[in-house]
Amino acid sequence: MSRQQNDEDTNSVLFDARNEYYIGNFMGSINFVLPEQGTAGPELLSYMYLSYLAIDSGRIVASDIKEGNSTPLQALRLVHEAFEQPSRTEELLEKLTDKVAGEEDETNIWHLATAIVYCHDGQFENALKILHGSTNLESMALSVQCLLRLQRVDLAKQLVAKMQEISDDATLTQLAQAWVALAQGTEQMQDAFHIYQEFCEKFKPTPALLNGQAVVHLGLERYEEADSVLRESLLKKHNDYDTLINLMVHAHLTGKPTEAITRNLEQLRQFYPKSDFVTDLDKKSAEFDRLCLQYDVEGGEKLLAI
């Protein structure tokens, strides 16, 4: 997370832990860091704790990083608390933003942690304000994700170009290119596929990389190929969030029975009951039911009037 960062990092453990985290191999990142835990600095340790957060093992973060911890890792404890206690998000964001405003953040951990909590709360504009102007590739990549969530593909594309100027071959730069290519639609999707394919061969397939390929296949109507990589992703992680959603999309596009969609939806409800997808779907379902009831009542009143 240091400001002077590129893929030619001389610290091989840091390089490996970071890349494993980027491509979604979170246990791989943890396993690189664990042997060094006793002597590692905050930057290296941060990838282990970010990986624990990514696999819903935040209790380890809370156990290892005590409230009085004076290192930047304290920021990741606050991220865990925000994930676990949404009602405290405003309070925790105040602590994070005060820290960002008041101290030099040499590791960039405080800035990224603050932006992550803003993103988790759907405040993408505020996350962009925290990350604005940074030449750190992680901050820039997170900004690209925020811009894509805000439907500003044009600005995301400009930011990726700046990342390419800093380090065109960096893993994050390549991934950011793939995200923008997917957002641009079918004409650019094949470019994204090549990036995901290259990383699968260079490192190893992960659900994140496989789902990237699956989205390309779905977008280009290559449904058999999409089904193949999604099944492979399930073998990597049987309840992967993105895989379950993409399987539902695949089932819808290929006209599979409703049961196929319902089965994956029930798994999403079981494993990710508070996720954006589930909560948004529930809101839309409730609104649909309300409108149906409204029109049913109005229709009944008209019949009685006749």
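**Charged pairs and their surroundings**

Author: R77 counts as buried, because its relative accessibility is 11%. Please keep in mind that this is a predicted model.

Reader: Which helix holds R77?

Author: R77 belongs to helix α5.

Reader: And what does the side chain of R77 meet in a salt bridge?

Author: The partner is E67, and the N to O distance in this salt bridge is 3.6 Å. E67 sits in the loop between α4 (58-64) and α5 (74-84), while R77 is in helix α5, so the pair ties together parts that are ten residues apart in sequence.

Reader: Is E67 buried or exposed?

Author: E67 is exposed, because its relative accessible area is 62%, which is over the 50% cut-off. R77, by contrast, is buried at 11%, under the 20% cut-off.

Reader: Which residues are linked with E67 and R77 in a network of salt bridges?

Author: The network links E67, R77, E81, R88, E91 and K95.

Reader: How far is R77 from K66, C-alpha to C-alpha?

Author: Their C-alpha atoms are separated by 7.9 Å, and the two residues are eleven residues apart along the chain.

Reader: How many salt bridges does the structure hold?

Author: The structure holds 13 salt bridges. One of them joins the side chains of R18 and E43, at 4.0 Å from N to O. This pair links distant parts of the chain, with R18 in helix α1 (residues 12-22) and E43 in helix α3 (residues 42-54), 25 residues apart.

Reader: Why do R18 and E43 count as buried?

Author: R18 counts as buried because its relative accessibility is 0%. E43 also counts as buried, because its relative accessibility is 18% and the cut-off is under 20%.

Reader: Why can such side chains pair at all?

Author: Side chains of opposite charge can pair when their charged atoms come close.

Reader: What about R152, with which residue does it form a salt bridge?

Author: R152 forms a salt bridge with D154, and their closest N and O atoms are 2.8 Å apart. R152 is partly exposed at 36% relative accessibility, and D154 is partly exposed with a relative accessible area of 40%.

Reader: Where is T186, and how exposed is it?

Author: T186 also lies in helix α12. T186 counts as partly exposed, because its relative accessibility is 48%.

Reader: Now the backbone. Which residues have a positive phi although they are not glycine?

Author: N108 is one of them, with a phi of about 75°. E221 is another, with a phi of about 60°.

Reader: Where does N108 lie, and where E221?

Author: N108 lies in the loop between α6 and α7 (109-120), and E221 is in the loop between α13 (207-219) and α14 (223-236). N108 is buried, with a relative accessible area of 1%, whereas E221 is exposed, with a relative accessible area of 59%.

Reader: One more topic, T89. What lies 2.8 Å from a polar atom of its side chain?

Author: The backbone oxygen of P86 lies at that distance of 2.8 Å. T89 itself is found in helix α6 (residues 89-102), and T89 is buried, with a relative accessible area of 7%.

Reader: Finally, where is G28, and is it buried or exposed?

Author: G28 is in helix α2 (residues 26-33). G28 is buried, with a relative accessible area of 13%. G28 and M48 are 20 residues apart in sequence, and their C-alpha atoms are 9.3 Å apart in space.

Notes
Residues numbered from 1 in each chain as written. Predicted model: local features only at pLDDT ≥ 70, side-chain atom pairs only at ≥ 80, totals over all residues. Heavy atoms only, no water. Helix = DSSP H or I, 4+ residues; strand = E, 2+ residues; numbered from the N terminus. Buried < 20%, exposed > 50% of the residue type's maximum accessible area, 1.4 Å probe, protein only. Polar contact = N/O pair within 3.5 Å; in protein donor to acceptor, adjacent residues only side chain to side chain.
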